[in-house]
Amino acid sequence: MKKKFGKRLLYASSLSLLLGAGVYSYGCADGWWSYSSLSNFTPEAFVDNSYKPMFFAPSERFYDGAYMYNSGMYNDDIVKDWTQYLGNAIPAEVVKECLVSNEFQMDTMYTLYSELRKGKKRSSIYDLDLKNKKVENFINFLNFAKTIEQYSAQEYNYWDYEKNVSEQLPSDYASKVQSYYEKMDKKDTFFMNRMWFQVMKAKFYSADKSSVVSYFEKTASSQPQNTLYYRAMGYVAGAHYQKADFMKSNLLYATVFDKEPSMRQVALYNFKALDKASINKIVDSTSDKEVKAAVWAIMGYYDDLGESMKRVYEVNPKSPHIDYLLTRWVNLQEQEVNVFTESSFKSREEYFKAIKKKIDQNTLKWVKSVADKPQDVANPVLWKLASGYMDIFQGDYKNATKQIEDSKAYAKKDDKLLSEQIRIFALINNVSQVKKMDKSTEDKLLPELKWVYTELVKNDYTDPLRYDYAANWIRQFLSATYKEQGNAIMAEILHSQGVEYYKDIKRSNAMESFLLRTNHSGIESLFASLYQYNLSDIYESRAIHLFYEDKIDEAIVEMQKAKPIKRKNTYDDEYTEFAYSSSQLYGNPFNGKIKDCNDCDHAAKQTTVYTKLSFLEKLKEMEANIASGNDVFNNALLVGNAFYNVTYYGNGRSFYYNSIWDEYGSNTINVGNRSNILNMRNARKYYDIAKKNATTKEQKAKLAYFDAKLERNDFYAQTYHSGDYYYGGWGDAVMFKKWKGFIELKNNYSDTKYYQEVIKECGYFRKYLGLNY
């Protein structure tokens, strides 16, 4: 499973613009890592979705890239409520089209309203009964709501700074809506409530924004405290915010946060983080314990999580607001400690010693004390698991075991996500205590390891359970354990070192023997089946190593064993064929040209198409001719070309395309592969043989120029490929020098035809000669 989150473009309605001072921050890279890749603690398992945007997200303002699309966030509820109210008077699809469809035109609304005002019995649009009181109410509502919406739903591209100023609703129109509401029959409470909200909305988006405050204070007591009520309260808070009266706006936003779950993200986003003295004054200004808790819950998002949790606990330990803060705190601790790699620490003991210090000890001590009093909190399973999970990082496995086991008593039996979360923590705790992988330990871990690697990894990517990091951590941790006890094969299978492991032919042979065995233990069988490389990968890898060692006979033997296979894709259950020995090279590797133009060579018509195997076989034939003295110059030249082309600089890169080597022609070359892929030793060896057997000036001219290419490549390898990434030379960077080959070509072979061809095709040589064309 690969959980990814794509790039999102933020759009915000004018409500966010007016009410909020915060700024969104997003991780904008497509194919971004998932939360599961750096965390084992799944907040969705403990806290309801109203808190989800506020879950901890390392590189985002809000969790899962959640943005606030205020103008449309209640569309479904609006359609549902009006459909229920209207019953059969208006078809449901018409209600939806009129209320929320982008296709609905203002001209249509004006026609409906005009026909209603003229006393017609039926509308020419949608064939509506205009004498039905509820239909009449609906059309009157549309008339006001759609007009106000032109001002309330002004969208702008967040990055377009030229078009982000909103227009204001004329104040006289707000008065018109108010007048209609105050004269209407109040018996229809549904319609009355919605028109009251339109009054509040009109006032907020008018030039006289502050009028929404007094009107709310005057009329709110007659309204049901439903979502519309708290949306209206949000407008009042926004009006106070605009006047910089943050004490009042924050108290109202905290009330909205507490009372209306659907508005928690909006309330938190618009809340103004203040100093603790000011926050304390806000808390002291209300007697509502949950609103007090909400203030600290919001401040925990912006400020000190540990302190905020303690303050919420003092107000009401059973407040649900404290739970989302605890999930944020745990996820924040994970970011500090989930750093295990075999290369990062000399030993597992060093790893545990390092991560223990990174945990917020003061807050952890308090969390543990709360977890020991489960009767005082609303969500004891969360506190038990948070405490137990953190205890693992402290090396307190006994208490971790107790807390994890105790949590099971508080978990709902049918809560699959929570039960899987508990199971993951139990496995992490058990693995952390492993000092040696013997049969007893393997047998104990095997059922849980099978569950992780054969069941969890098949889950749908929408599953919130975080197991990716755990799955990778377990493999690395057990790999380090096997490595410490001298089991190099299992260390490699659990966490591969790739080409570094397979450079050693003894280890390569040992792995081959292991994979061919039929008597694996349970844990060997499990991880052998999950090993990222197969035998053909290994044989092909060996063949590539032997090629660079110029052991062509042995390379052929290994390449012949690298049979084509079909591998099942994990993402669509289809099969992809891997050719290995029969994989075709894109260009003719025996060609040696003045210009190194891989794309040109690949696009050229191939008289002979070589596979990896046939290339090696042809190479063997040519080297045999050299050894027997048969046409040494031409054979040595062609072999030199072959070794040149199967480097980063040549047209035969695809020869070393192999999953173990993990080189596919990019600008990043693994450090361990540079000694082969960037090395000119084999090309130089055979060009030198060709040079010694050259008999004409044309032949010698070509070898002189090829020497210059080898010098150039050595210079590039040392100068530009020595870092982590190859950017090439830019600006004033040195791209050529007075190579010895250039000097020899100029001084000794200027009368050759090849010399003129080099001038024509090689700009660097022209510059060396001081030519301007």
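A residue is called exposed when its relative accessible area is over 50%, buried when that area is under 20%, and partly exposed in between (1.4 Å probe, protein chains only). The model is predicted: local features need pLDDT of at least 70, side-chain atom pairs count only at pLDDT 80 or more, and totals for chains, interfaces and linings use all residues. Residues are numbered from 1 along each chain as its sequence is written, and side-chain values use heavy atoms, with hydrogens and water left out.

**Stop 1: aspartate 751 and lysine 697**

Select aspartate 751, which is exposed with a relative accessible area of 57%. Aspartate 751 forms a salt bridge with lysine 697, with 2.8 Å between the closest N and O atoms; a salt bridge is a side-chain nitrogen of Lys or Arg within 4 Å of a carboxyl oxygen of Asp or Glu. Because aspartate 751 sits in the loop between helix H35 (740-749) and helix H36 (753-761), and lysine 697 in helix H34, the pair ties together parts that are 54 residues apart in sequence. Helices here are DSSP runs (H or I, at least four residues), numbered from the N terminus. Lysine 697 is partly exposed, at 39% relative accessibility.

Next, select Glu512, Arg542, Glu558 and Lys561, which salt bridges with shared partners join into one network. The whole structure holds 34 salt bridges.

**Stop 2: aspartate 258 and lysine 259**

Here the closest N and O atoms of a salt bridge are 3.0 Å apart. Aspartate 258 is buried at 11% relative accessibility, whereas lysine 259 is partly exposed at 31%.

**Stop 3: helix H33**

Select residues 681-692. The 12 residues of H33 should span 16 Å at 1.5 Å a residue, and the end C-alpha atoms are 17 Å apart, which agrees; the expected span is 1.5 Å times one less than the number of residues. Colour Asn682, Ala683, Tyr686, Tyr687 and Ala690, the buried residues of H33. Seen down the axis, these buried residues fall within an arc of 125 degrees, so they line one face of the helix; the arc is taken from the directions from the helix axis to the C-beta atoms. They pack against helices H27 (535-548), H30 (612-627), H31 (632-645) and H34 (697-719).

**Stop 4: glutamine 403**

Finish in helix H19 (residues 397-410), where glutamine 403 is found. Glutamine 403 is buried, with a relative accessible area of 1%. Display its contacts (heavy atoms within 4.5 Å): leaving aside residues up to four places away in sequence, glutamine 403 touches Ala371, Asp372, Lys384, Ser387, Gly388 and Asp391.

Terms used
Helix = DSSP H or I, 4+ residues; strand = E, 2+ residues; numbered from the N terminus.
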